[in-house]
Amino acid sequence: MSLSLRFAAGSHKGMIREGNEDSGYAGPRLLAVADGMGGAAAGEVASSEVLSTMVELDEDLPGTDLREVLRLAVDRANDRLRVMIEDDPGLEGMGTTLTALLWTGSGLGMVHVGDSRAYLLRDGALEQITQDHTWVQRLVDEGRITEEEAGHHPQRSLLMRALDGRGQVEPDLTLREARLGDRYLICSDGLSGVVSRETMQDTLLAYADPREAVQELIQLALRGGGPDNITCIVADLVDSDQTPSDHPMVVGAVAEDLGDTTTLPTTPASRARELTQGEYEAEALLPETPQSRRKPKSAWRRTLPVWGPAVLVLAALGGAYWWTQTQYYVAADGNNVTVYKGIDTKVFGISLSSPYQTYHDIDITQFSAPYQQSLKDHYEATGLSDARKYMDKVRDQAGLCTSIKEWNQTHPVTVPSQVPQTQNPGQTTPPVNGATPGGETVSPTTTASATGQAAPIRTGAPTATSTSRSTSRPGGNAKQNAAGTAAPGESGAPTAPPSSAPPTTAPPVAPQKFDAGEQADKVSNCAVQPNGSS
């Protein structure tokens, strides 16, 4: 069974904004929402240009990596904004969010930047499948505020990531499992910021037709005050025999801008322009009132609800934080090494850095103390590629230290063998068990001691006991004394004492040397040195 998409899209400028800076596109393979920012015409320009670049994906795709396809498309869109800003400095400060799903017939790839959202309705439950790239969401992630508090926070729309033509964009890229009956909702925060998840879930369950679901969701946002532009797409995964949608739809700012056919002469978006240009824009979902035009969209786009110096301060803080997220550094993380994104500092107790990649295969305890300290002091990289190059060097160092440990296990330190010296003739053995070389007897009751014990008692003549044990028999040899030592005056040469000369050492064998090759100068960075090294 093959699956296809059945979809509908809609957009409304809301009850407050003067114009619509949202753009939406829904096609047989691509679903995308972009929420522009920048004031004047810049926000709608940014969202329109980004979607005009993304719609090139709404064609039959070969068996390629969906995430890579989406990443390259985002890079092209961001480069397009950069060129436009260079050509017209008046567009400086414009930007847009982007949340899109790309369908291949067997799977879905998703790209997300900013605070537009994607939801999945499966088995009767609605789940948010994107994470907002906002300052407030970061506070929630760090446990500083609750989800409920985030919904009313004054800076809840201050963006940390967006497509703005500056630097490199780092989108969230994921793959989604395709399942028959799944329903996807993609929307700008003009809907998700006003209508609760429970209400959206009930609405999506109540309306089987995607078009009716879109209309009802927009009505709910308008009845909630419509403080911002509202754009949403509802798409169902259906059996290909159940009349899937074939015609692309464009809504919002991009629907107005596509009147210039020189932008996209042959793309699906151009065809969509003729089919459904501004379809829901033209519908009077709610009658317009004079109050609906009382407040134009601010230059910083709904991100801050206050004006004056507070706006400048918060904008500067947001811009500064945004810049920090383009920085990288390398530092020790416990016994491992981590590449961090951001700068190593805190503002109001909030860390401006987060782990980007931890190298669990590197144990810094195998490094020398100075080298470990250099990692703890961290390395300031000029960018992500520089941080990775530095980590390549650290990994090479770790490999060298591991090789040294393995070498030492197979080449243990050898202790020179000692050969005892042969006894010299003519040497006498020391007296045993009380007998002295002069025939004197040492009393067995006392012994010499270097610790203050009584010295042995020597007598010039044998004691009674000694005499009785040393009596000679006619025609026989003298008996041994009580301990078995020959009595004085017996025939035979005395036993020579051991030589006091030191033992000789066997000739040393030249040890093998550890060959570090071109890394010889890095051996000293290891805690363990090779056996046999000087």
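## Disulfide

A disulfide, that is, a pair of cysteine sulfur atoms within 2.5 Å, joins Cys401 to Cys526, with an S to S distance of 2.1 Å. The pair links distant parts of the chain, since Cys401 belongs to helix α13 (residues 384-410) and Cys526 to the segment after β20 (504-505), 125 residues apart. The torsion about the S-S bond of Cys401 and Cys526 is about -90 degrees, so the disulfide is left-handed. A search of the whole structure finds 1 disulfide.

## Basis of the description

The model is predicted, so that local features need pLDDT of at least 70 and side-chain atom pairs count only at pLDDT 80 or more, while totals for chains, interfaces and linings use all residues. Residues are numbered from 1 along each chain as its sequence is written, and side-chain values use heavy atoms, with hydrogens and water left out. Helices (H or I, at least four residues) and strands (E, at least two) are DSSP runs numbered from the N terminus.

## Helices α6 and α7

Helix α6 (residues 197-206) packs with helix α7 (residues 210-223) at an angle of about 150 degrees, their axes lying 9 Å apart; axes are lines fitted to C-alpha atoms, for helices over the stretch in contact, and angles run from 0 to 180 degrees between N-to-C directions. That makes α6 roughly antiparallel to α7, a term for angles over 145 degrees.

The contact (heavy atoms within 4.5 Å) is made by Thr199, Met200, Thr203 and Leu204 of α6 together with Ala213, Glu216, Leu217 and Leu220 of α7.

## Five-stranded sheet

An open sheet of 5 strands has the order β1-β11-β10-β7-β8 with antiparallel pairing, where two strands pair if DSSP finds at least two bridges between them. Its edge strands are β1 (3-12) and β8 (125-128), each of which pairs on one side only. Neighbouring strands of this sheet are turned by 20 degrees against each other on average, direction ignored.

Within the sheet, strand β7 (residues 117-122) and strand β10 (residues 183-187) run antiparallel and are joined by 5 bridges, and Leu121 stands opposite Arg183 in β10. Helix α6 lies across β7, β8, β10 and β11 (230-239), and runs at about 130 degrees to β8.

Strand β13 (residues 328-333) runs antiparallel to strand β14 (residues 336-347) and is joined to β14 by 6 bridges, with Tyr329 opposite Tyr340 in β14. The two strands β13 and β14 form a hairpin with 2 residues between them, and Gly334 in the turn has a positive phi of about 70 degrees.

β14 also pairs with strand β15 (residues 350-359), in the antiparallel sense and over 8 bridges; the bridge partner of Gly342 in β15 is Ser353.

How values were computed. Parallel < 35°, antiparallel > 145°, perpendicular 65-115°, else oblique.
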